[in-house]
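Student: I am new to this structure. Can you take me through it?

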Amino acid sequence: ESQRRSDPEKQMDEALGDDIMGMYVDIHSTGEYIYYPWGHRDQTSPDDDAYQAIARKMSYYNEYDLWASGFDFVYPVSGDSSDYMYAVMGVSSMGLELGFNFYESCDTFEKDILPSNLDVLLYAASIAGRPFSLAKGPDVLDVIVVKVDGELIVTAEVSDGVMVNSLNGEPDHLTGDQDIVKVVVYLDVHPDDFQEGELSWEMSPLDGEFDSSEEVVEVSLSMRDLSAGRHVLHVQAIDFDGYLGPVKSVSIEVEKEETNSPSNYPTSAPLITALPTSTSQSPNPTISPTLTTTEPIGNLTEAAPPSKPNTTLEPSSHPTTTSPSPNPSQSPSLTTPSPTLHPKITSFPTTLSTATTPITSIPSNTPTNVVSSSLSLSTDFPTAGQTVPINVSSQPTTTEAEDIRNKNSSSAVVSGLRLMMMSACVLTSWMLYN
């Protein structure tokens, strides 16, 4: 918006200057022309040196003629959009007349027109940041990267005049005869975004001195400065007049040989944190979970085995005496770690040993009447996260006897209430009848 002209008609003879930003390209068919302001009259614009540099370098790729004042000005065009964008909006604007016919076949477009003009559009994009300035600077024509004895050798060909002076039958342009004075390669950062501390190297001319408008330069980069993976090298040159040219970028893949240095951790498997839930290692931890409790063990009451192991084991709040197992050799071991401040019952995919193993440790606040248990586990072992159903004893416990008495008492109360209701109904009927 800051580049927009306040009074375009009165400012037509005022140059925009080298610092403007933005690039507008208008694409038409046909004629194989490159055109730029002015189009509504046969007259050069106040920024003609920059416009000629841009148009000449576009022609380097597609070999089109220039439709402009001083070249082949075919006819004036009223309402030309490139004139409007330049005179009113204050941006660099160009136009392309593509191809050989007004309606091109797809085959001709894809094979003959697209390849060369795609390079034209890529060049326009490379100078869009400061088109009138970058077009006057030297161009990086090619970049080659090779690996030699652990070093990356980067070679670049740069020129201030090859592209701008390629127009057949036309004299050299005034922006294309300056000597190259400096070429820099940047690692993984565009020169416009470069900050102190990021990596860049100055390239040296192969002939030993910057003394021409065309140079071949080189730099050797140590592989130690590059991490393995993809990197992008950006190369930019500057000429004697101080004009920076457009950036040429190439991507490289860096591969480093692996060493057999010792490691504290295995590389083929993730680090596994041990949990204090078992005394032996299970050969198949995915199907043999261990019941781990960090809460002081209360009395375990008999649980009816469900069709699927989906119930949660709740420790009883009333102690119950259990008899020692008559056949301890068939009892799986129960391992209990030290209690914590936040008791939980969790299932970890660790170990459940089926060998005869006495209880190794019992927390200090566990009732002493728990001596041993004969545990019967379902053969349908649950996966991690499911609850293991445990049958502790085949004999009814005190708690179950109390439950039975409570149920019998409840049944007697319900029968008494029913008898009272029936008597009330009979009494009410007799009173109504009399």
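Student: Is Ile 54 buried or exposed?
Tutor: This is a predicted model: local features need pLDDT of at least 70, side-chain atom pairs count only at pLDDT 80 or more, and totals for chains, interfaces and linings use all residues. Residues are numbered from 1 along each chain as its sequence is written, and side-chain values use heavy atoms, with hydrogens and water left out. Buried means under 20% relative accessible area, exposed over 50%, partly exposed in between (1.4 Å probe, protein chains only). Ile 54 has 0% relative accessibility, so this residue counts as buried.

Student: Where is Ile 54 found?
Tutor: Helices (H or I, at least four residues) and strands (E, at least two) are DSSP runs, numbered from the N terminus. Ile 54 lies in residues 48-62, which form helix α1.

Student: Which residues does Ser 45 touch, not counting residues up to four places away in sequence?
Tutor: Ser 45 sits in the loop between β2 (33-35) and α1. Contact means heavy atoms within 4.5 Å. By that rule, the partners of Ser 45 are Pro 37, Trp 38, Tyr 51 and Tyr 86.

Student: What is the strand order in the open sheet of four strands?
Tutor: Two strands pair if DSSP finds at least two bridges between them. The pairing in this sheet is antiparallel, and the order is β5-β6-β10-β9. β5 (139-148) and β9 (204-205) each have a single partner strand, so the strands at the edges are β5 and β9.
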